[in-house]
Amino acid sequence: MGENLNIEKLKASVISEIDTRHHRLSELSLKIHANPELGFHEVKATAWLTQYLEENGFSIERGICELPTAFRGSYGQGKPTIAILAEYDALPGLGHACGHNLIAACAVGAAVASKLAINQFGGSILVIGTPSEEKYGGKAIMADRGVFNNVDMAMMVHPEVCNTAAIQALACQTLEVEFFGKAVHAAARPEAGINALEAMLNSFAAINSLRQHIRSTARIHGIITDGGQVHNVIPAHSAGDFIVRAEDNTYLDELKERVLNCFIGAATASGARLEYRWAKPRIALMRNNLTLARLFRQNMQSLGRRMQLFSRSSVFGSTDMGNVSQLVPGIHPIVAIAPVGVSIHSPRFAEAAASEAGMRGLVDAAKALAMTVVDLVANSEIAVKVRQEFKQQK
Ligand SMILES: [Zn+2]
Ligand SMILES: [Zn+2]
């Protein structure tokens, strides 16, 4: 009973710690929002975040995993080692339409407030700065390079349009394709040309046909990054990027082959030569640790924000947190900052990421994360339960 009282008091202190820092955290998140940087170019965001952590007693390692805009901030020593992950990359043309500015400020705010728990019970808190979630899956690269080897649990919160502690995220892999044809005058000698753009367009047509016959949870989508230079030359080169997503690994393998066949067929039909590359690493499915998710949900609900434990209906695309969650127990809850109907990766979501609702989401998420750290360091049985669940899922 005495211990429970102690935990409740500590939770009240981390809540008021974040309330005290509310202004500074919101300023930090708005500054990142106003200076959107693309994946692996997040120089300003990294500088601001590491500075904030350093000012608050964290030791910082920059450029970890041979990625210049990755970092690790650490405080405390010994077990458990709890990592809070920060994303901070923006989207081309849309800015912070995925709200990663909020994720970043939430992560550092939660970590600094968690110091109170670490000071009292021991353990370590890490902020791992993970660049380029959107394009290159920075966490997947960092996971391969061993950054999570000594981590016991990893948590982050992503803004969305509903409050859910455990999400469904698809496995996916990016396909880069190029067609090589033959340039000729488009009117004078069309019969002598090989049209690399037509090969690309026929690939789209074949994928559109294929899409009628795939599982409803799978996704295939792409863009053309080169479709020729000028209208009176038959394009000798075309290029595109595609993503293939599925809710299980076996089906993803099957679908990858069928998608690739669309390009091979278009190459044969047009006479253009195909080159392709499956980007590595592949993004893994999210493996939710429900013990952690329940703790987080309970803490969030105590702040007055209703939260579902899991919803199969809200598919969250894919996230490189999936790769982390395959290595260590992890959660990637989502917190509502915009009305249902607004889509992430849209201009309206970019506005929400700088709104009052965005700030409320940031503050609630930071509190719930720090309160979950309190639970984990104060009660070693919970940490054991988290690990047991993780082992049973393997
Ligand atoms: Zn996104
Ligand atoms: Zn995102």
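How are the donor residues of the zinc ion (ligand 2) spaced in sequence? I looked this up first. The spacing is C-x1-H-x57-H.

**Ground rules**

I am working with a predicted model, where local features need pLDDT of at least 70, side-chain atom pairs count only at pLDDT 80 or more, and totals for chains, interfaces and linings use all residues. Residues are numbered from 1 along each chain as its sequence is written, chains are lettered from A and ligands numbered from 1 in the order in which they are written, and side-chain values use heavy atoms, with hydrogens and water left out.

**Zinc ion (ligand 2)**

I listed the protein donors: Cys98 (SG), His100 (NE2) and His158 (NE2). They lie 2.0 to 2.3 Å from the zinc ion (ligand 2). A donor here is an N, O or S atom within 2.8 Å of the metal (3.2 Å for Na, K and Ca); water is not among the atoms, so sites may look incomplete.

Cys98 is in the loop between strand 3 and helix 3, and His158 is in strand 6 (residues 158-160), so the pair ties together parts that are 60 residues apart in sequence. Helices (H or I, at least four residues) and strands (E, at least two) are DSSP runs, numbered from the N terminus.

Are Cys98 and His158 buried or exposed? Both are buried. Buried means under 20% relative accessible area, exposed over 50%, and partly exposed in between (1.4 Å probe, protein chains only). For Cys98 the value is 5%.

**Zinc ion (ligand 1)**

Next I checked the other zinc ion. Cys98 (SG), two OE atoms of Glu134 and His345 (NE2) coordinate the zinc ion (ligand 1), at 2.0 to 2.7 Å. The donor residues follow the spacing C-x35-E-x210-H.

The angles among the four donor atoms run from 53 to 150°, and the site is irregular. Four donors count as tetrahedral if all angles lie between 85 and 135 degrees; four count as square planar and six as octahedral if opposite donors are over 155 degrees apart and all others between 65 and 115; anything else is irregular.

How far apart are the zinc ion (ligand 1) and the zinc ion (ligand 2)? They are 3.1 Å apart, and Cys98 coordinates both. Cys98 lies in the loop between strand 3 (81-86) and helix 3 (100-121), and His345 in the loop between strand 14 (334-336) and helix 9 (347-352), so this pair ties together parts that are 247 residues apart in sequence. His345 is partly exposed, at 36% relative accessible area.

Six strands form an open sheet in the order 1-2-4-3-5-13, with mixed pairing. Strand 1 (59-62) and strand 13 (330-331) stand at the edges, each with a single partner strand, so one side of each is left without a neighbour in the sheet. Two strands pair if DSSP finds at least two bridges between them.

Strand 3 and strand 4 (residues 123-129) run parallel and are joined by six bridges. Ile84 stands opposite Val127 in strand 4.

**Strand 10**

I turned to strand 10 and its partners. Seven of its 10 residues are buried, so strand 10 is largely enclosed by the rest of the structure. Strand 8 (residues 171-180) runs antiparallel to strand 10, with 10 bridges between them. Thr174 has Ile243 of strand 10 as its bridge partner. Strand 9 (residues 219-226) is also antiparallel to strand 10, through seven bridges. Asp226 stands opposite Ala239 in strand 10.

**Aromatic rings**

How many aromatic pairs does the structure hold? There are six. Rings of Phe, Tyr and Trp (its six-membered ring) pair if their centres lie within 6.5 Å; planes under 30 degrees apart count as stacked, over 60 as edge-to-face and the rest as tilted.

I picked out Phe204 and Phe242, a tilted pair with centres 5.1 Å apart and 55° between the planes. Phe204 is in helix 5 (residues 196-211) and Phe242 in strand 10 (residues 237-246), so the pair links distant parts of the chain, 38 residues apart. Phe204 is partly exposed at 22%, whereas Phe242 is buried at 2%. Ring pairs join Phe179, Phe204, Phe242 and Phe263 into a cluster.
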